Amino acid sequence: MTNPILITGCGVVSAIGNNKAETLDALLNNRSGVGELVYLKTEHKEFPVGEVKMSDEEMRKLMNIRDNEITTRTALMGMIALDEALKDAKITPEMIPNIGFISGTTVGGMDMSEQFYLDYVNNEKHKEYIAVHDCGSCSEMTAEHFGRFAFVTTLSTACSSAANAIILGANMIRCGEADIVVVGGSECITKFHLNGFNSLMILDTKPCRPFDATRAGLNLGEGAAYLVLETEESAIKRGVRAQAILTGYGNACDAFHQTASSPDGEGAYRAMQEALKLADIQPDKIDYINAHGTGTPNNDLSESQAVKRLFGENVPPMSSTKPFTGHTTSASGSIEAVFCILALQNGFLPVNLNWSQPMEDGIVPVHQSVKKDLKHVLCNAFGFGGNDSSLLISKPEL
Amino acid sequence: MMKKDIYVLSAKQISVQQPLCEDWMTQPVDYQTPFNRSIDPSFKDYISPIEARRMGMILKRAIATSKEAIKASGLDTVDAIITGTGYGCIENTEFFLEALSKDGEQMLSPTYFMQSTHNTISSLVAIQTKNHGYNVTYAHKGISFDSALQDAVLQMRLGKINSALVGGHDELTPTFYNILKKGGMMGQDDEMCGEAAVSVVLGTKSDNCLCKLVNFKMLYKPSMDKLKAIAADFKADYILTGISGNHKGDEAYLKETKELFGDAKLLKYKHIFGESFTSSGIGVYVAAQCLKAGKIPAHLFVNPQEATDKKPSNILIFNHSDGNNYSLTLLEA
């Protein structure tokens, strides 16, 4: 790509921290945020989850939400991450009308709808929440807290939503539609998808073990993260530095099954290959891969195949950070992109926690803390339905 | 940034009007009830009976319109499949929510869940057409289709793709119609609500196309000044508006089009197709078919006395979804 796309700021909230500093500390000290269900009211207490360690009330207080203003958990987490991202990139309120906002979510306001559904059907109670059920309204609720953005839209591709939001933002900048776009995603845990995933029998009642021979499923997580994408010209004019560069990205469809990944990981392979091609970077220059690595028997095998097809004998260090946060579904693409940025900035490889036994035909992940100078990293996000995306993030040239 | 020539090669629909054809131009189905479901074709040419049995209507319609649109485009395959859906797969979401609310958290159906996620539509079309290309779903209320269209246009301008299947799919059950009406999101005043499945194929070559896609823009809560500045690039003889029977929305359409486009002739389509989150996709379909046919049916004119047999050379589709999200799509014969 001729004109680099800079990442000039980012913000994140997940089970391992309410901001970047807490997140970095957890990653460096191998401290997982997955544990017993505390906030979500559900019968299924048997599943470990990665909840954000704040109640809706606590998040409302943190963001100074007025008493008469309604919110949903996904929007609240989005606001917290967006707040940090905007401050990180030194974006002031006057700049907002010239900035785009692209968010990824699948549940939207479902945390409220699932509680009030019978009221929606049978009576007039809680009807003010009807208008905030859908994905787009959730993005608008998040964005409105900070001002009137130039454009707002919402992607919903399940677990690759946030990654695809990042890709759209990059394409918009390359077309000259905007100089600055804030991109990412947010998703809270809901009874709807906890039960949905359970009905598919892909949840583990123990902490997940991606790429391990004994892996038995995923743990759900929640969180939000946003990146500020910006042209070099705009950054120089504003006097802000790049934290990282988005050098490549790819999106391909597995076109195999609505929930399972193909045995040879075709979609994943094509997405990663496209990212490398766009960045004009050879496979041997990749220093680390942040895997999608959910810990399901299916994903980890499929992803391993795709990676081996692309890198041959020389698979770079690779790990899944989902044992830290759980699978944050729609937000995972941007949350894990922030982990990649932190890894680039601080020179370390995030550990694939809970791993002890190599799986058959799989990759062996990073399982011990390692300090390493990183230049180019790949970040994978694969969604249900074979919506596979990959981001290539690089350290800025000094 | 070099502007690439982009053409609408084909556009197919299943809606409250006769499906997969343009009968609405001469014999529109007239509706007196405020909520109507689509007229469905037989799906046996598109989906095997075994698959169809477990497939919701929104998915069947997406497959049928997609396959028809690809066939009509003359292309063997498309480089990208980009879909917009405002509310996603409502029927399956409803089944799952009902079961969750009434029966609790045991014994829930995986099929309902699997087919309830918004992106299941786009991915199923890819599975059915064996397409590994770029595949993305937008879910942003009344600009979901528009967002999908924007993505296709951006990527074609960047030269990343030369063709795209752009879809807009929404369904509406009686239960959800009542919920959305209660929530003030649709069905206000004289508005007729319907369902819409639209598949449009875009390409870079003009052979056998329906029309040219000249310009596209999406805005969030723009000021009138901002709109005026943008409108300068979207001058057209005919403006296809989303006038629907919602009094507040209709008044806004009349006021804005007058201020932005002066005396351009106003058209409407929701009086026969109904309001849905995907109706902007129907708008693009309607405009494209009119340009190809070389005629705008008299019943589309907001002011009947303006109806003319003159061949239209351009139509602007002007969408101001919920008064906040604007899109302008300029098509040329």
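Me: Which helices and strand each supply at least two residues of the lining of the largest pocket?
Reply: This is a predicted model, and its largest pocket holds about 890 Å³ of space. The lining of that pocket draws on chain A as well as chain B. The elements that each supply at least two residues are H5 of chain A, together with H9 (247–261), H11 (279–293) and strand E9 (314–321) of chain B.

Me: Which residues are the closest to the centre of the largest pocket?
Reply: The largest pocket, with about 890 Å³ of space, is lined by 37 residues. The closest to its centre are B:Gly184, B:Met185, B:Ser321, B:Asp322 and B:Gly323.

Me: From which element does the largest share of the lining of the largest pocket come, and how do the lining residues divide?
Reply: H9(B) gives 5 residues to the lining of the largest pocket, the largest share.

Me: At what angle do H3 and H5 of chain A pack, and which word describes their orientation?
Reply: Helix H3 (residues 73–88) of chain A packs with helix H5 (residues 135–144) of chain A at an angle of about 40°, their axes lying 8 Å apart. Angles under 35 degrees would count as roughly parallel, and 65 to 115 as roughly perpendicular. H3(A) and H5(A) are therefore oblique to each other.

Me: Which residues of H3(A) and H5(A) meet, and what is the hand of the crossing?
Reply: From H3(A), A:Thr74, A:Ala75, A:Gly78, A:Met79 and A:Leu82 meet A:Cys138, A:Met141, A:Thr142 and A:Ala143 of H5(A). The residues of this contact divide into 6 nonpolar, 3 polar and no charged. As to hand, the crossing of H3(A) past H5(A) is right-handed.

Me: How many cavities of 30 Å³ or more are found, and what volume has the largest?
Reply: The search covers the whole structure and finds 7 cavities of 30 Å³ or more. For the largest cavity, the volume is about 310 Å³.

Me: Which residues lie nearest the centre of the largest cavity, and which elements give two or more residues to its lining?
Reply: Of the 26 residues that line the largest cavity, A:Thr106, A:Val107, A:Phe192, B:Thr117 and B:His118 lie nearest its centre. The elements that give two or more residues to the lining are helix H7 (191–199) of chain A and helix H3 (90–103) of chain B.

Me: How do the residues lining the largest cavity divide, and which element gives the largest share?
Reply: The lining of the largest cavity divides into 13 nonpolar, 11 polar and 2 charged residues. Its largest share, 3 residues, comes from H7(A).

Key:
Residues numbered from 1 in each chain as written. Chains lettered and ligands numbered in written order. Predicted model: local features only at pLDDT ≥ 70, side-chain atom pairs only at ≥ 80, totals over all residues. Heavy atoms only, no water. Axes fitted to C-alpha atoms, helices over the stretch in contact; angles between N-to-C directions. Helix = DSSP H or I, 4+ residues; strand = E, 2+ residues; numbered from the N terminus. Parallel < 35°, antiparallel > 145°, perpendicular 65-115°, else oblique. Left-handed = near helix turned anticlockwise from the far one by under 90°. Contact = heavy atoms within 4.5 Å. Nonpolar A, V, L, I, M, F, W, Y, C, P; charged D, E, K, R; others polar. 1 Å grid on protein atoms, 1.4 Å probe; cavity = no way out; pocket = protein on both sides within 12 Å on 5 of 7 lines; lining within 4 Å. Points joined across faces, edges and corners; volume = space filled by probe spheres on them.
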